[in-house]
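Good morning. Please have a look at the sequence and the model, and then I will go through a few parts of it.

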Amino acid sequence: MPVSNVKESRFSRIRVYLRRYRKYLIWGGLATVLSNSLMLINPFILKLSFDEIENGAGSSDILKYVLAIIILAILAGLFRFMMRRTIIWMSRKVEFDLRSDLFNHLLKLGQNFYNNTKTGDIMARSTNDVEAVRMMVGPGIMHIANASLSAIIAIAFMVYMSPKLTLYSLLPLPILSFAVNKLGMMVHTRFSKIQEYFAVLTSRVQENLAGIRVVRAYNQEEPSIDDFAGHNLKYIELNKSMIKVQAMFFPILFMLAGSINLVVLYFGGSEVIEGNISLGTLVAFFAYLAMLIWPMIAMGWVVSLYQRGTASLERINNVFNTEPSVYSEPNAVKDRQFHDSIEYRNLTFSYNGRANLRNINLKINAGQTVGVVGPTASGKTTLVSLIGRLHPVPRNSLFIDGIDINDWDLKTLRSQIGFVAQEPFLFSDSLNRNILFGADHSDEAVVKAAAQTAVIDEEILEFPNQYETMLGERGITLSGGQKQRVAIARAIVTDPPILILDDATSAVDTQTEHQINQRLKGELKRRTAIIISHRVSAVKDADLIVYMEDGAIAETGAHEELMEKDGRYAALYRAQLLAEELDRM
Amino acid sequence: MAENYHEEEALGKAYDSRLMKRLLKYARPYRWSLISAIILLISGSALQLLLPVMVQIGIDNYIADKDLSGLFHITLVYAGILFTAFLLSYGQMYITMYIGQKVQYDIRMEIFRHLQKLHLQFFDKNPVGRLVTRVTNDVSVLDEMFSSGLVSVFGDLITLVGIVIAMLYYDWQLALLTFAVLPLLIVATMIFRRKVRGVYREVRTRLARLNAFTQEHVTGISVIQMFNREKATFGRYNEINTDLRSAHLRGIYYYAIFFPVVEIISAFSLALLLYYGSGDILAATLTFGELVAFIQLVERFYHPIRDLAEKYNILQSSMAASERIFNLLDTEPKVVKHAEPVEFPETRGKIEFDKVCFSYNTDEWVLKDVSFTVEPGEKVAIVGATGAGKTSMLSLLFRFYDYQKGSIRIDGTDIQRIPVEQMRRHMGLVLQDVFIFSGDYAGNVRLGREDIPDEKVIEALEKVNLYRFIRESEGGIRAEVKERGATLSTGQKQLLSFARALAFNPDILILDEATSSVDTATEKMIQDALEVLLKGRTAIIIAHRLSTIEKADKILVMHHGELREIGKHQELLDRKGIYYRLHQMQFKQEMMKAAV
């Protein structure tokens, strides 16, 4: 792709927003022009009044000028208010839209994006980067417009009064701009080095604290402190090299600003002595130049706003340019109820370059209950999560009701499934809303029934606020077992035809688990259920048991069949009987 | 991370004298630098104020008298003052920023040193990310206050005073007239401050809420997608986002009013000056140049006032940061030294547990009345199901935690009476989850002990069969090792941690055997290395491998926090108790697999 094209597309998103709010931009621009023009008349009035004073005028003679100054300031102030009110206002709206669009896009992205992107990075996109873009389109635009306009108007007035003095007095300005820019760049390069080292410093601390047990066990506290002191010192040294430059920034600014006055004092003074200009003009020049210094400084600032803004925009665009890996095809099957079968046909699934599932062939008929067992990392969770299409599934390998899963509408497909993960994720919201998470209604009786089936109702009623109890972030106010049971209630509340339990009772004690299984039995009869469990007892009665190993199905069959076969499943079963026995000792 | 966003919600007051006093203590060591900075600041500000005076003299004495060479001279003086003021303020800026850096260094060291002392329960409760923020970002915020806040606030005040004096000197009546608009300005600023503070607080809490929401829902994205909740979630996000926007928009309002109001007030004072000044000039009580100087002084007057408003934000965030830092520094380490510590220069390696009871929190015992003795040179294996209390025993022995009842003795001395460093010097620990530091191989073996020479490091690596591999990599033992050993295999990491323990040559070795399976060749290497490692030491091993257990002099069988069986492998098997079942459960499959 040619470079210019990249640039074009980089801003295309921003352009859409700006077009949306062009009304603000137009009014803002107008207000900027008016406020600056009005404000910059004042030094000229100062000149006129000084000229009159020089000619012996008294207070009453210059009353008109005094009033004009006040009225102009008030009018300019009004427009200045309008300027902020429109341009900055717009920037906040753009920020809102951008952030909102970003989040909406994030909601569509699939697991491969989230597994490869740190949450911290995503957070940085939606906070710092969005803010940087806002600074570019809001204060950035405002200051650049302000600075260029006031420069043009001031210079016009100055040329009108004395072209020669204008030339002299503007001489230091480019030097000022250059110096500010140069210093800014020096600070910037040194600052990025410092930032890099800051990351080193951070990771040192991080590492030390994460490995604190090793540090303690090997008496490494003192050496760690020495090591950290070394990095800390290096960081400070880098900072010192920056402050050498940074400390110069404002003093140089003031000196250059002062030197403008110096030029005006000498050359302007000479002109007055020679009678080319009046004293009032000299005074007006002082005033105009004082008004020009700030915009010149602001220019440098706007440059850095622009640099930061574009870098952030690029990072945001990277997220926008990531296409969702899982999406509905245009002619996807909608409005269909699952009723026949789930079938894996020679499915092989790779993820992050590793084959997670190999040659899976399995047919689950509607109404069946299937148990899945096997060692950790044998592919059990991957096997079931493909049914919800949380990952892209290769074509011709997984069929729901005989239809390739890729041809199902995502929404329709997922509404067929109730899913309970091993470590269920609950939201910081009320219990009621957590259970109703997937439902479109809010029927209290249904919530209660679901909670009863999941054997959590009684415990909820013991909380002071019962179903209105607020959960902490990620549900931290509940125990692991309680979380799992709330998640079960959440899954069955929508009455889905397919129910998937991924070791959903691993943190629940045996007795309660037994109770849940009893109550679920009725539920399972009406549905198609897939149950992953590390406890064989939970899947023993299933219609079909699948033993997974290394991403492949090692054994399938009903409990009796597999026991008879005396293979891996049988060994696992016996080991667990022993474990139960052991637990009772 | 999530905690961080919530913390933001708590936004304290802008100024807290208690915190400030404590913060200023950090500047104490640099008080002479600070004083010289203040002297430079005062003289620099004074010179800056002389500039309008020069303009006045230039106009009244030379331009009015048409004295070109006089004008040239005063211009030179002007230039001289300008340059001197530049040097002074550069010096002042440099010194203050330098102090900021020094203070930053000191505070960082203090926090880090404090963290090295804190008990492990503290780390169980506080996520590493949050603690890292204390050492890094929070301190940076403080630096901003020291280097650009404190001194320049002082400078702004001095400039204000100087301007007031200069104006009074020229014409006290006119000066008083100019100050007449001050109350207006002060009232406007105060109203603005109050309003903006309210908005600022609102923005911060709403932003924190938005961030917390984003973080939570990004983490739980698969649940949202599975339950088809994208639209509903987006709706709630937009509600919070709208709240945030409306707070922002309100803020714009205040800013949009405040800045023009200040400009109008300043125009008003200019108008007043002009009106009365022209009368004074006519009455010859004021010269032309003096009026010009006056106008320039008034212009400078508004600068420090606006500056002061900006410093307010820096102050506010530094107060919040210092509060968090001091909270951390005020947390006392819990593993305290015994009142009468016993010197512990040597050990034979005898370990006794005597009715030890321990719990992480009071309501549930993790270890109940555990008693046993390990003789010097003995190899003891601990076995048991998950949650039986094996790891807790190791943690106690290393004094990561303190037990509540009973006693643990080494060579007959209660470990709570031995200074922790001395005790740990005799002990080596190899954890199940091997922790590798970024750096090089040598650094990971000797950790911080520079007295372990390269030869010893290589010897240790050779003994665990790792040197063959390292020799081939570029740089040998100096070859880079990535954070958390990302480039090493599981087996290599284990061997490296064995080498580490070997190099430290402890009398007592504590080992939590890794459960992760490795290929047969690596397994063999690990077995061999383990044998070397155990030789001639007292060792306690949480064992997962049958071969390790079979070789042990003694097996301790832990069950539900109690020590239920002690004996040798065959004895315990014959007893047909817990060990027998554990053995059948854990190793039957292992043997079966091996057979297949």
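I start with domains: their bounds come from an automatic or database domain assignment. Chain A is divided into domain 1, residues 9–320, and domain 2, residues 419–495. The centres of domain 1 of chain A and domain 2 of chain A, taken over C-alpha atoms, are separated by 51 Å.

Some ground rules. This is a predicted model, in which local features need pLDDT of at least 70, side-chain atom pairs count only at pLDDT 80 or more, and totals for chains, interfaces and linings use all residues. Residues are numbered from 1 along each chain as its sequence is written, while chains are lettered from A and ligands numbered from 1 in the order in which they are written.

How confident is the predictor? pLDDT is its confidence in each residue, from 0 to 100. Chain A has a mean pLDDT of 82, and 96% of its residues reach 70 or more. In residues 1–6 of chain A the pLDDT is below 50, and this stretch has 1 contact in the model beyond near neighbours in sequence. Contact here means that the C-beta atoms of two residues, placed from the backbone, lie within 7 Å. Where pLDDT is low, the predicted coordinates should not be read in detail.

Next, the two chains. Their contact takes 112 residues from chain A and 110 residues from chain B. On the chain A side, the largest share, 32 residues, comes from helix H10, residues 221–274. Helices are DSSP runs (H or I, at least four residues), numbered from the N terminus. By class, that side of chain A has 63 nonpolar, 32 polar and 17 charged residues. Ala, Val, Leu, Ile, Met, Phe, Trp, Tyr, Cys and Pro count as nonpolar, Asp, Glu, Lys and Arg as charged, and the others, Gly among them, as polar.

Now a helix pair within chain A. Helix H6 (residues 119–161) and helix H11 (residues 279–320) of chain A pack at an angle of about 155 degrees, with their axes 6 Å apart. Axes are lines fitted to C-alpha atoms, for helices over the stretch in contact, and angles run from 0 to 180 degrees between N-to-C directions. H6(A) and H11(A) are therefore roughly antiparallel, a word used for angles over 145 degrees. The residues of the contact of H6(A) with H11(A) divide into 27 nonpolar, 7 polar and 4 charged.

Key: Helices (H or I, at least four residues) and strands (E, at least two) are DSSP runs, numbered from the N terminus. Angles under 35 degrees count as roughly parallel, over 145 as roughly antiparallel, 65 to 115 as roughly perpendicular and the rest as oblique. pLDDT is the predictor's confidence in each residue, from 0 to 100.
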